[in-house]
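Me: I would like to go through this structure with you. Could we take it one topic at a time?

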Amino acid sequence: MAHVSLTHFLVVGALLFCFGMITVATRRNAVGVLMGVELLLNAANVNFVAFNHYVVGGITGQIFALFVIVLAAAEAAVGLAIVLGIFQTFKTIDVRVADVMRE
Amino acid sequence: MQRTFQRLLVFAVAAAAIVAAVGLGGRAAAALPGSAAAGSATLADAIFYVIAAMTVAGAAGVALSRNILYSAIGLLGSLLGAGALYVFLSADFVAVTQLLVYIGGVLVLVLFAVMLTSQIGDVKISNVSFGLPGGVLLFVATAPLLVVVALGTPWKLRSAPRLAETTADIGNAFLKQWLLPFELASLILLATLIGAIVIARKELKAD
């Protein structure tokens with residue numbers, strides 16, 4: 001048990017990224033896939049803020065993290081709207097079923 | 001019965017991997033010449049380990065849970081933990097933004113979508129496509145690589161990173177240096193608002 005340093009945050013970010021990737025790759029549920037994308041973006045954010053604190057200094061990394069958060073929120077809103085549209089059309093949100101853009 | 005056993009096995013392996021990775025990270029950080037480590041762990045370190053475990057366990061829940069509702073709750077734990085990690089990194093404003101936007105906005109949206117779309121009892125909906133073995137294989141293929149890179153690279157650490165409040169600086173930077181991206185973000189949010197409404201509303205059939 002040592003003092004917390006950059007590598008600790010990098011390991012946490014790496015594990016978050018891997019679990020997010022598993023989620024995106026293995027889910028059939030479209031909402032589950034979106035959850036995985038949120039995990040991926042969070043992993044990137046943890047790395048941005050960690051490098052900003054331990055390596056660069058200042059606030060540039062934090063500002064980039066804030067933009068990532070904004071874009072993640074926008075992505076989630078549009079993605080879930082698309083999921084609702086798919087559900088109205090196909091009566092399911094299995095990503096393997098939704099393969100046409102109009103019925 | 002066999003499925004339960006399989007799930008338990010996967011969770012056990014994941015927990016062991018997490019503990020090993022975090023412990024390894026601690027040892028490598030202590031070995032680094034520039035770090036102020038090598039003392040005994042303080043209370044802050046213990047809190048960090050608890051929060052990191054919550055974050056990673058939540059992510060594991062998102063990835064491995066068979067019920068999509070449990071995945072959403074795992075996502076809650078993971079996002080909450082990541083927000084708490086930002087506090088350790090002297091990013092108080094980002095931490096609060098994470099709480100407001102992710103927990104207050106995105107997670108509620110996700111829960112709405114789960115409730116509106118999935119038949120919760122139907123296991124097939126929440127099912128995995130190429131199965132847990134494929135997911136575990138993917139994890140085994142990528143996680144060690146990333147962890148080794150994170151531990152092995154000699155990062156050029158700052159001499160003495162201190163905790164300081166950043167909110168005023170972020171406000172100034174947004175309205176001076178980053179004004180154009182800031183305004184573009186608001187434009188994107190407006191477009192998102194309109195687009196989401198247009199996509200999600202019920203289409204009126206012509207006939």
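Reply: One definition is needed at the outset: a helix here is a DSSP run of H or I with at least four residues, numbered from the N terminus. Please also note that this is a predicted model.

Me: Understood. Where is the place of A:Met21?

Reply: A:Met21 lies in helix H1 of chain A.

Me: Is A:Met21 buried or exposed?

Reply: A:Met21 counts as buried because it has 21 C-beta neighbours inside 10 Å, and the cut-off for buried is 20 or more.

Me: Which residues is A:Met21 in contact with, leaving aside its neighbours within four places in sequence?

Reply: The contacts of A:Met21 are then A:Leu40, B:Leu138 and B:Thr142. As for A:Gly85, which is 64 residues apart from A:Met21 along the chain, the two C-alpha atoms are separated by 25 Å.

Me: How do the axes of H1 and H2 of chain A cross?

Reply: Helix H1 (residues 6-26) and helix H2 (residues 30-56) of chain A have axes that come within 8 Å and cross at roughly 165°. H1(A) is therefore roughly antiparallel to H2(A), since angles over 145 degrees count as such. The crossing of H1(A) past H2(A) is left-handed.

Me: And what classes of residue make up that contact?

Reply: The contact of H1(A) with H2(A) has 18 nonpolar residues, seven polar and no charged.

Me: Turning to the largest nonpolar core, which residues touch the most other members?

Reply: They are A:Leu15, A:Leu16, A:Phe19, A:Val31 and B:Val110, in a core of 75 residues. At least two residues of this core come from each of H1, H2 and helix H3 (60-90) of chain A, and likewise from each of H2, H3, H4 and H6 of chain B.

Me: Now the interface. How many residues of chain B are in contact with chain A?

Reply: On chain B, 85 residues are in contact with 65 residues of chain A. H4(B) gives the largest share of the side of chain B that touches chain A, namely twelve residues. By class, this side of chain B has 57 nonpolar, 22 polar and six charged residues.

Me: One last topic: what is the phi of B:Ser90?

Reply: B:Ser90 has a positive phi of about 60°, although it is not a glycine. Most residues other than glycine have a negative phi.

Me: Where is B:Ser90, and is it buried or exposed?

Reply: B:Ser90 sits in the loop between H3 and H4 of chain B. It counts as buried, because 21 C-beta neighbours lie inside 10 Å.

Terms used
Residues numbered from 1 in each chain as written. Chains lettered and ligands numbered in written order. Predicted model: local features only at pLDDT ≥ 70, side-chain atom pairs only at ≥ 80, totals over all residues. Contact = placed C-beta atoms within 7 Å. Nonpolar A, V, L, I, M, F, W, Y, C, P; charged D, E, K, R; others polar. Axes fitted to C-alpha atoms, helices over the stretch in contact; angles between N-to-C directions. Parallel < 35°, antiparallel > 145°, perpendicular 65-115°, else oblique. Left-handed = near helix turned anticlockwise from the far one by under 90°. Core = buried A, V, L, I, M, F, W, Y, C linked by C-beta atoms within 7 Å. Buried ≥ 20, exposed ≤ 12 C-beta atoms within 10 Å, placed from the backbone.
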